[in-house]
Amino acid sequence: MPTPFIMPKMDMDQEVVTIIEWLKKEGEKVTKGEPVVTVETDKITSDIEAPETGTLFGILYFENEEAPVTKVVAYILAEGESLPDLSDGKGTSHESVPPESATPAVSVATPNLRVTPVAERMATSMNIDLTKVQTKGDKITKNDIENFLAAPQVVPGGKTAATPAARRLSKENDVDLSSVNGSGPRGRIQSIDVAANVPQIAKPQSTHVTVKSSGLTPGSSVPLVGKRKRIAERLTASYQNSPHIYLTVEVDMSRAEESRQRMNKLNEKTGKSSISVTAYLAKLVAWNLSHHPYLNASIVEDRIEFWEDVNLGIATAVSDGLVVPVIHQADQLGLVDLNERMRYLAKQARDGLLTREEVDGGTFTISNLGMFGIKSFTAIINPPQTGILAVGATVRKPIVVDENDKVEVRPIMTMTLSVDHRIVDGAVGAQFLADLVRVIENPDMMIY
Amino acid sequence: MPEITYREAIRDAMVTEMRRDDTVFLMGEDIGTYGGAFGVSAGMLDEFGPERILETPISELAIVGAATGAAMVGMKPIAELMFMDFILLALEPLMNQAAKARYMFGGKATVPMVIRMAGGSGTGAAAQHSQSLENILMTIPGIKVVAPSNPHDAKGLLISAIRDPNPVCFIEHKLLYKVKGEVPEDEYTIPLGSAEVKREGTDLTVVTSGIMVSKTMRVAEKLAAEGISIEVIDPRTLRPLDTATINASVKKTGKLLVVHEATKIGGWAGEVFAAVSESDAFDYLDAPMRRLAGKDCPIPYNRLLEAAAVPQEADIETEIRAIISNAY
């Protein structure tokens, strides 16, 4: 049987590597232990060794492409062997392969195991077979256990790990379980994962729409892993790498509110969903972004890339953290469509059903905490974007409305724009904000 | 509705039945003048006299043996064992005689007796006076096992148990004796073999009994504030077990936790799991079924160790959170 060449998982929350270079070409002889491909993760560049001696064939991912970890990226053929049928293409299951060949660079723990006390306790409490845990050092550590738990479950015989409920749902809805990614422990497929592949079925588990704490008693702790860890790393990196500047304005919401309410009356009659403040703002922000290329740009290596599309991220709180679903080409959408799209994405976010496409490609982010009564706040830029708009609550307060110092009570909203000073100078950001205020206070400017 | 204690509710049930039916009588150690080891029968001697509040020697073998014989000749004895731990001395009359008589005599003899026993830990009574032996009793064909978790159920279930034509082991948790609850003054029965959904929920089913019910309910209340919705089921009767109610709940929530004070290995949580696995509810499971049970050790005398040996509220909460967050 050809030996699958599997991309090892080097980091706990790692999903992909980028292929830098194939050191061996298709059809070339390789020797077990010899470097075959150079890959890059967010942290390191490393060479991956051949798991077997033979001929390299069937490379599935090429230079500068991302390859998923724990999946087959190529095959190594022994003398006289041919390539397996690759009709189902990339990301072929790794399941028929013993775990040791999945990570050639890593030794498998021997029966006379050395284990740290913490790791041993974790293993005991979670019923983990320590002989199956791999370690890079000479002792199994807490990290190794966490890696083991995060890695997809390898089931002998290629059977997919799935809960009974997931199996029932897949049968009822004709979903092929092997095409479903499992979100459960060790990659086990849960009913929710099957449901994600069947748009018309409701999520079988109830959802909690309220923002709840991760639910721990004072004095206890949880490991900083997964989504939380990614949020921590990304935002720390953003805060450290991009010099933030903050610009705050107050905006009179009278006309915008009046216009929104008029539309909602119409929507009520036509049975459309009511347009939210955030959706209304998103429409105006998207329009404004299409006129301010520097705010819709990213630093890519040593260049500033101006994006063609305005892909607007909407920061959304969910039970286990924060996700930013993206409304792609938001500037091309009418307000009603944009509102529907935003409602759909918010629901997917709360149900944990967002797809990779639905969170990828954002070029600018809006974060609205007005519904919590927050008057104003500053937000950290979501890399590789250049700006984020922090929207506060609309409060009624007296302001001077004309040159005769006439005072009126108006609905006033405070927004703070954070921009990356490497790309956007104060004046550029200020102009963006001034134009945004103008269009919010006079929505008809959109057709100007 | 008057609030009375669990102990008073049990007494109320016995008094109600003894007034209604002359064949019902109570027997046990120190149940007369002393009022029983936990004061359950206090005052009953005055009303019913020494023939119906029958003091016995210190021999559980004698008590259960005599009760079995009395039941077979037409009486309806209620036997009180000071501690559940002592049922082991009486397993021969219980398991070999009482449980089998109706079967062996082709239905011509019945054994309508109730054995009341105080079970459970939490009073510092150490290894030989703190056990939860329901796991053992549940394996005996021919007897019923009842474990009320509150005063209301204690009264209704005990009246049903007294009227049942089969031997019933009636397990009273020591820590519940002083617990108060609303109990109707009138006579009422709760059918044996029917569970109660104590609290409806959608995220996880917890099946639990005895003292663990109130602990679980408090945890469920706390978690509800965070949007975690727990369904709590009290089987009330452990044998026969109301698997229909449990299975229906698992089909709704997809997740199951069983909490019991009795020890884990061979514990009745396993019986609940088997019932789910053997039913169509299996196909609705979305996580491994879990159990939280007494540690597999004798109940320690030291109060801290004693508490650590059986599930406490914090343990229940931690386990629920783990299941809900897909940790298993």
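This is a predicted model: local features need pLDDT of at least 70, side-chain atom pairs count only at pLDDT 80 or more; totals for chains, interfaces and linings use all residues.
Student: How far does H7(B) reach, then?

Tutor: Helix H7 of chain B covers residues 211–224, which is 14 residues. From its first C-alpha to its last it reaches 21 Å, close to the 20 Å expected.

Student: Is H7(B) mostly covered or mostly uncovered?

Tutor: H7(B) is mostly covered, with 10 of its 14 residues buried. Among the buried residues are Ile211(B), Met212(B), Val213(B), Met217(B) and Leu223(B). Lys215(B) is also buried.

Student: And what covers those buried residues of H7(B)?

Tutor: The cover includes several strands of chain B: E7 (168–173), E9 (196–199), E10 (204–208), E11 (230–234) and E13 (256–263). Helix H11 (313–324) of chain B is included as well.

Student: At what angle do H7(B) and H11(B) pack?

Tutor: They pack at an angle of about 50°, and their axes are 9 Å apart. That angle makes H7(B) oblique to H11(B). The crossing of H7(B) past H11(B) is right-handed.

Student: Which residues meet there?

Tutor: On the H7(B) side they are Lys215(B), Thr216(B), Arg218(B), Val219(B) and Leu223(B). In H11(B) they meet Glu313(B), Ile316(B), Glu317(B) and Ile320(B). Of the residues on the H7(B) side, Lys215(B), Thr216(B), Val219(B) and Leu223(B) are among those buried.

Student: Let us turn to the sheet. In what order do the 5 strands of the open sheet in chain B stand?

Tutor: The order is E9-E11-E10-E13-E14, and the pairing is mixed. E9 and strand E14 (290–294) of chain B stand at the edges, each with a single partner strand, so one side of each has no neighbour in the sheet. From one strand to the next, the twist averages 25°.

Student: In which sense do E10(B) and E13(B) pair, parallel or antiparallel?

Tutor: E10(B) and E13(B) pair in the parallel sense, over 4 bridges. Within E13(B), Leu257(B) stands opposite Val206(B).

Student: Where does H11(B) touch that sheet?

Tutor: H11(B) packs on the sheet and touches E10, E11, E13 and E14 of chain B. Its direction makes about 165° with that of E14(B).

Student: And which strands does helix H9 of chain B lie across?

Tutor: H9, residues 268–277 of chain B, lies across E10, E13 and E14 of chain B. It runs at about 150° to E13(B).

Student: What share of each chain's residues counts as buried?

Tutor: In chain A, 33% of the 448 residues count as buried; in chain B, 55% of the 328 residues do.

Conventions:
Residues are numbered from 1 along each chain as its sequence is written. Chains are lettered from A and ligands numbered from 1 in the order in which they are written. Helices (H or I, at least four residues) and strands (E, at least two) are DSSP runs, numbered from the N terminus. The expected span of a helix is 1.5 Å times one less than its number of residues. A residue is buried if 20 or more other C-beta atoms lie within 10 Å of its own, exposed if 12 or fewer, and partly exposed in between; C-beta atoms are placed from the backbone. Two residues are in contact if their C-beta atoms, placed from the backbone, lie within 7 Å. Two strands pair if DSSP finds at least two bridges between them. Axes are lines fitted to C-alpha atoms, for helices over the stretch in contact, and angles run from 0 to 180 degrees between N-to-C directions. Angles under 35 degrees count as roughly parallel, over 145 as roughly antiparallel, 65 to 115 as roughly perpendicular and the rest as oblique. A crossing is left-handed if the near helix is turned anticlockwise from the far one by less than a right angle, and right-handed if clockwise.
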